[in-house]
Amino acid sequence: MLNYQQGDTAAFEQLYSKHKGPLYRYFVRQLSNHSLAEDLYQDTWGKVINAAGNYQVTAKFTTWLYRIAHNLLIDHVRAVKPLDKVEDMGDDGMDNFDANTNNEQSHNRPDEQLEDVQKAKLLKSCIANLPAVQKEAFLLNIELGLTAAAISDIADVTLEATKSRIRYAYQSIKQCVAIKWQEGNS
């Protein structure tokens, strides 16, 4: 970012290339609306470009970028509805999260492959049902591998609050999957 700030457009292209996929998925998973996700995604990059002259290294670029994205998302949600009423993710919201569906062993047996697909759908459903603040913390932790400290900077909440959000998200997902799996197999 500092190189871009000095006028190196290739540096911006590198930043954009590195962060475009995860940033877009962040919006899609939060909103389940591709059109709106695209708008907020573009707004985020517009703000990065506009703020380049004033950029100061106070945190990692990723933290700064997602702070901008988080603030745009919060502004949108406040304008439309209360934070806890953010819509569920769409069916395609967690496509890259399905680690088990790409397991080579499961492709050998159709029954195992079907079970993996069912588990992935359960997981998507359970993540979609999380409160918005937990969903955001969980996805930033899982998708980007961000630490609780980085997520707390992005969301502008205490480290303890962030740790709690992540912990409660994991607990809720685990309970939800167990209950739904049991219901589906009984």
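This is a predicted model: local features need pLDDT of at least 70, side-chain atom pairs count only at pLDDT 80 or more; totals for chains, interfaces and linings use all residues.
Residues are numbered from 1 along each chain as its sequence is written, and side-chain values use heavy atoms, with hydrogens and water left out.

**Overall fold**
- The protein chain has 8 helices and 0 strands; these are DSSP runs (helices H or I, at least four residues; strands E, at least two), numbered from the N terminus.
- Of its 186 residues, 39% count as buried, where buried means under 20% relative accessible area with a 1.4 Å probe, protein chains only.

**Nonpolar cores**
- The largest nonpolar core has 35 residues; such a core is a set of buried Ala, Val, Leu, Ile, Met, Phe, Trp, Tyr and Cys residues joined through side-chain atoms within 4.5 Å.
- Helices H2 (9-31), H3 (34-51), H4 (61-80), H6 (132-144) and H7 (148-155) each supply at least two residues of this core, and H4 gives the largest share, 9 residues.
- Val 48, among the residues with the most contacts inside this core, touches Met 1, Phe 12, Phe 61, Trp 64, Leu 65 and Ile 68, leaving aside neighbours within four places in sequence; contact means heavy atoms within 4.5 Å.
- A second, separate core of 6 residues includes Ile 127, Leu 130, Leu 139 and Ile 173.

**Helix H6**
- Buried residues in H6 include Lys 135, Glu 136, Phe 138 and Leu 139.
- Just after H6, Gly 145 takes a positive phi of about 70°.

Methods:
Buried means under 20% relative accessible area, exposed over 50%, partly exposed in between (1.4 Å probe, protein chains only).
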